[in-house]
Amino acid sequence: MAVDPAIAHLVRRAGFGYSPAEGAMLNQMSLPGAIDALVDYEQVPDTVDDNIGIPGFLGTTARGPFRPNERITDARQRVLFRMVHSARPLQEKMALFWHNHFATGFSKIAGQIGPDGASRALGAKASEDANGLRGQYELFREYALGNFRDFLIQVSQDPAMVAWLDGDTNVKANPQENYARELMELFTMGVDFYTESDVYEGARVFTGWNLANNRTADTRYATFSFRPEQHDTESKTFSFPIYPDGGQTIPARSSADGMQDGLDFINAVAAHPETGLRLARKLFAFFVSEFTTPSEALVQQLAGVYYASGYDMRRVVRTLLSSAEFQDPTHYFARYSWPVEFVVRLIKSVGWTGYSAAAAIAPLADMGQILFEPPDVSGWRLGTDWFSTGTVLARMNFASSLAANQQFNLRD
C-alpha cells in the first residue's frame with residue numbers, strides 16, 4: 001500500500017519500514033501525529049516478546065527450548081523479531097543505534113566470563129532471568145530515549161562493558177585506561193578534546209569499578225562490583241572542567257566514597273560542550289544521511305536541546321525528526337541501510353509466513369553485520385563501507401531467497 005512519502009521516510013528512518021497492514025494505519029495519520037506516536041512509545045505496552053512462538057508471526061529456531069536470555073544465537077533472533085513486530089519501532093531503532101555507539105562484542109566477553117556468562121551479560125531480560133540480570137541490550141532498550149548522563153552511569157557499570165574494556169582489571173596499583181579513553185573519545189566529547197593525561201586520570205577515577213564472578217549449580221554470570229580497597233583515593237586533575245564552577249580537580253576521597261569520583265567524571269563528560277554537538281552530528285548521520293553535512297544551525301539547535309533539557313534524548317530526537325532538514329525530500333533516500341535494517345525492512349514488506357529469524361543470521365553475516373559482534377569498540381564501518389562485491393551479492397541473494405520463500409509458502 002502506498003504511504004505518504006514523508007511518513008514513509010519517517011518510518012524507514014525512525015523504524016524499519018512498514019508492513020501492508022501498518023501502511024493502512026499510517027495513511028490515517030498526519031506527519032506530526034506519526035512523529036508523536038513514534039517518539040512517545042511508552043504509551044504503547046511493550047508486549048512484543050509475548051508473540052514469540054505464536055503462529056502468524058516471524059518464527060524462531062533453536063536447539064531445544066528458545067532461550068534468548070542464555071544463548072547468543074537466540075538473543076540475535078529475539079532482536080530481529082522485535083524489529084519486525086514491535087509496536088514501538090523507534091525504541092528498537094535507538095537500541096540498534098546505541099548498540100553501535102557503545103559497541104560491545106560477544107567473543108571477547110565470552111573469553112573472559114564464558115559463553116553463558118557473555119550471553120547473559122549481553123542479552124538477558126531481567127524479568128525472565130533467575131538472578132534478575134539485565135543484559136546490555138535491554139539496557140539500550142530501557143534508555144533508548146532516556147537521560148544520557150544517567151545512561152552513561154548505567155553503561156559504566158554494565159558487566160558486558162566492564163568486561164569488554166577490561167575494567168575488571170582496573171585496580172589502584174595498575175590503572176587500566178581502556179574505558180576512560182573510550183568514554184571520552186567515542187561515547188562523549190570526541191578525540192580532539194582530551195589529553196593523554198586525562199586518560200590516565202580517568203583510569204584512576206574508575207579504579208575499583210570491577211566485576212564479581214558468580215556461579216550457581218549450572219550458571220556462570222558476572223555482576224558489577226565496586227571494590228573500595230582497589231580505588232585510588234588521591235585527587236585527580238583534568239584539562240577540562242569537572243564541576244560547574246570550573247574546577248578541574250576531583251578531590252581526594254575515602255575509599256568508601258570512591259564511587260563518587262566516577263559519577264563526577266561522568267557528569268563532566270556528559271556536560272562537556274562538545275558532547276551535545278557530537279551526539280547531534282551522529283544522530284543526523286543515523287537518521288538523515290552520512291553524506292550530507294548538517295547545517296550548523298541544526299547542530300547547535302540539537303545540542304541546545306540536549307543541554308537545556310538536562311540531557312533528555314527524547315527531546316533531542318523529537319527535534320531532529322521534526323526538523324526541516326530531516327523532512328527535506330532530498331534526504332528521503334540519502335542514506336545506506338545497515339544490513340539488519342535492510343533485512344528487517346524486506347521481511348516487513350514481503351512477509352514472513354513460514355520464515356524464521358534464524359534463516360537471516362548467516363545472510364546478515366555475509367552482508368557484514370553480526371548482532372552482538374561489532375568488529376571493535378568503534379562499531380561497524382558505515383556508509384559505503386557496508387558495500388563490496390560480496391556484501392552486495394549477499395543482499396541480492398537474501399532478497400531473492402526471501403521472495404522465493406514467500407512465493408512458496410503463500411501459494412494456493
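Student: Before we look at burial, what counts as buried, exposed or partly exposed here?
Tutor: Buried means under 20% relative accessible area, exposed means over 50%, and partly exposed lies in between, with a 1.4 Å probe and protein chains only. By that rule, buried residues make up 54% of the 412 residues in the protein chain.

Student: And what kind of model is this, and how are residues numbered?
Tutor: This is a predicted model, in which local features need pLDDT of at least 70 and side-chain atom pairs count only at pLDDT 80 or more, while totals for chains, interfaces and linings use all residues. Residues are numbered from 1 along each chain as its sequence is written, and side-chain values use heavy atoms, with hydrogens and water left out.

Student: Okay, how many helices and strands does the chain have?
Tutor: The protein chain has 19 helices and 4 strands, where helices (H or I, at least four residues) and strands (E, at least two) are DSSP runs numbered from the N terminus.

Student: What radius of gyration does it have, and what would a compact globule have?
Tutor: The protein chain has 22 Å, which agrees with the value near 22 Å for a compact globule with 412 residues; the radius is taken over C-alpha atoms, and the globule rule is 2.2 Å times the number of residues to the power 0.38. Along its principal axes, the C-alpha trace spans about 75 × 55 × 45 Å.

Student: What share of the contacts comes from residues 24 or more positions apart?
Tutor: Counting contacts in the protein chain with a separation of 6 or more, such residues account for 70%, and contact means heavy atoms within 4.5 Å.

Student: Switching to loops, where does His272 sit, and what does it touch?
Tutor: His272 is in the loop between helix H12 (259-271) and helix H13 (273-287), and His272 is buried, with a relative accessible area of 11%. Not counting residues up to four places away in sequence, His272 touches Met189, Phe193, Phe240 and Tyr307.

Student: And Val44, which residues is that in contact with?
Tutor: Leaving aside neighbours within four places in sequence, Val44 is in contact with Ala87 and Arg88. Val44 and Arg88 are 44 residues apart in sequence, yet 7.0 Å apart in space, C-alpha to C-alpha. Val44 itself counts as partly exposed, at 28% relative accessibility, and is placed in the loop between helix H3 (31-39) and helix H4 (72-85).

Student: What about the phi of Tyr311?
Tutor: Phi of Tyr311 is near 75°, a positive value in a residue other than glycine. Most residues other than glycine have a negative phi. Tyr311 is in the loop between helix H14 (296-308) and helix H15 (313-321), and at 12% relative accessibility Tyr311 counts as buried.

Student: New topic: how many aromatic pairs are there?
Tutor: A search of the whole structure finds 30 aromatic pairs; rings of Phe, Tyr and Trp (its six-membered ring) pair if their centres lie within 6.5 Å, and planes under 30 degrees apart count as stacked, over 60 as edge-to-face and the rest as tilted. One of them joins Phe140 and Phe151, whose ring centres are 6.2 Å apart with planes at 75°, so the pair is edge-to-face.

Student: Where are those two in the chain?
Tutor: Phe140 is in helix H7 (residues 136-142) and Phe151 in helix H8 (residues 148-156), 11 residues apart. Both Phe140 and Phe151 are buried.
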